[in-house]
Amino acid sequence: MPFAVAVERVEKRFGSLLALAGVSLQISEGEFFGLLGPNGAGKTTLISCLAGLSRPSAGKLVVMGYDVVSNYRAARRLLGVVPQELVFDPFFTVRETLRIQSGYFGIRHNEDWIDEILANLDLTGKADTNMRRLSGGMKRRVLVAQALVHKPPVIVLDEPTAGVDVELRQGLWQFIRRLNRDGHTVILTTHYLEEAEALCGRIAMLKQGRVVALDTTSNLLARFAGHTLALRLAGSAKLPPELSARATQNEGMWTFRLGSLGEIEPLLAAMREAGCVIDDLRLTQADLEDVFLGVMQSSDYRKETVP
Amino acid sequence: MISGFRTLLYKEVLRFWKVNFQTIAAPVLTAVLYLMIFSHVLEAQLQVHGIAYTSFLIPGLVMMSALQNAFANSSSSLIQSKVTGSVIFVLLPPISYVEFFFAYVVAAVLRALMVALGVLLVTIWFAVPAMVAPQWILLFLVLGGGTMGALGMIAGIWADKFDQLAGFQNFLIMPLTMLSGVFYSLHSLPVFWQQVSRFNPVFYMIDGFRFGFFGVSDVPPENSLAVAGTSFLMVSAATLALLRSGYKLRS
């Protein structure tokens, strides 16, 4: 099966800063792929290299079989990018913007598709409004529309829901999900981890320009898994040191990460023995945020998962 | 293949046309103010090459306005899209650097032609200059506009902020275009300044352009054509090299 995107040992240097330190990953056609990492991890740099906005210092990137440097015309025609920054050209209306963007990709008479995108992004009523007069959320949706004018098989969204309100965010995801179901490969970076958890089939986590985790979302969740037990002690009681060493404290709540539910019983027994009275207790299933924090704290994870 | 170029050119023309009050009407007004003041002061005192001063002045003003606006068009478009970030829309599509170059330069030449036509039409009210060799007029307008359009691309790519671009405009473009024989014949200058003027390529663009109107000039029009053509090729080559390297556009 051909890869929609193949990244091979890509390095990007800005002066003495190594923004990408040898990133390799493959994304298959039709995947919904998440790219996560803290600010400065290299997500946007990687996307810029993929889109031809940045040139890699070493390594190569391939979109649907086409090298993004040596065969940039074919590669760019197959790629749609929604940039992170909220940018727009103040001279034009929404429709003009989309017509012009179509023309850049060699597409004329694109009205039917433009109307369809506008309808799906709830922008039909704003088609003839100047870009300057749109709200932030609308401008963001026009950016999505611009990335789709040429029906690219691979769509990259760099933090597309920043500043978009909840209702519109739902609508946007419905649309992107539909595009994914129709066969488009989607690559997403986001700060909303619950979004990534709900949408992405596979996730790569970047840290300081390296891939530190790369697995299916369900494997990542299963591996870090288990559960977390959060509890509050009555009065000014303290946890015995052998227990507090295993927990993290936040505003009076002690949180234990559990490998299995079987660990609860001995934990509670130890507390009873130490005379601790529990005031409040919550048991939650680990989510992607726990996985993310776990991975970012121990960067050895990749060695376990990537052969 | 050509469609990226065509759309980018269309976009660049639409961009200045949508604000034509600033991009065409304003420079025409400026040129007319120059003409009113200088012809009022000098018409009775002066003839150049045996031509009445107002008539002599018109072609120079037309060309100066055209050149300044060709530079302004490509440079302001690039700096604006860089500062606002919208330059990404032309960097993501499959547009080659050669298409990119020609789209901006041709748009700059079109703006130069419109400004030139505007100034000419309005100044007819003051004096109707002859046009003995229209092909020279068009040739110098296109080569001069192209050179300045390409130079504007270099300035727009290089500048990170509006004030850097303003510096380029005020300390290079303005002196080059103002001290180019728009308002006088080279022969009226002291020898030293005549020599200095001969190093200014804009002088040749204006002198050759004026030859197209009156059939007289400070230097033979063929020489001016050689200088204007060489300037265009050199500035174009430099611009293309910058674009090819991705300097300040693709990190």
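Two exercises with worked solutions follow.

The model is predicted, so that local features need pLDDT of at least 70 and side-chain atom pairs count only at pLDDT 80 or more, whereas totals for chains, interfaces and linings use all residues. Residues are numbered from 1 along each chain as its sequence is written, and chains are lettered from A and ligands numbered from 1 in the order in which they are written.

**Exercise 1.** Determine how helix 3 of chain B is oriented relative to helix 7 of chain B, and which residues meet.

Step 1: The axes of helix 3 (residues 53-84) and helix 7 (residues 162-178) of chain B come within 11 Å and cross at roughly 165 degrees, axes being lines fitted to C-alpha atoms over the stretch in contact, with angles from 0 to 180 degrees between N-to-C directions.

Step 2: Because of that angle, helix 3 of chain B is roughly antiparallel to helix 7 of chain B, a term that applies to angles over 145 degrees.

Step 3: From helix 3 of chain B, M64(B), L67(B), Q68(B), F71(B), S75(B) and I79(B) meet F162(B), L165(B), I173(B) and T177(B) of helix 7 of chain B, where contact requires C-beta atoms, placed from the backbone, within 7 Å.

Step 4: The residues of this contact divide into 7 nonpolar, 3 polar and no charged.

**Exercise 2.** Describe the side of chain A that touches chain B.

Step 1: In this interface, 23 residues of chain A are in contact with 22 residues of chain B.

Step 2: Helix 2 (72-77) and helix 3 (94-104) of chain A are the elements giving two or more residues to that side.

Step 3: The residues of that side of chain A comprise 11 nonpolar, 6 polar and 6 charged.

Technical notes
Two residues are in contact if their C-beta atoms, placed from the backbone, lie within 7 Å. Helices (H or I, at least four residues) and strands (E, at least two) are DSSP runs, numbered from the N terminus. Ala, Val, Leu, Ile, Met, Phe, Trp, Tyr, Cys and Pro count as nonpolar, Asp, Glu, Lys and Arg as charged, and the others, Gly among them, as polar. Angles under 35 degrees count as roughly parallel, over 145 as roughly antiparallel, 65 to 115 as roughly perpendicular and the rest as oblique.
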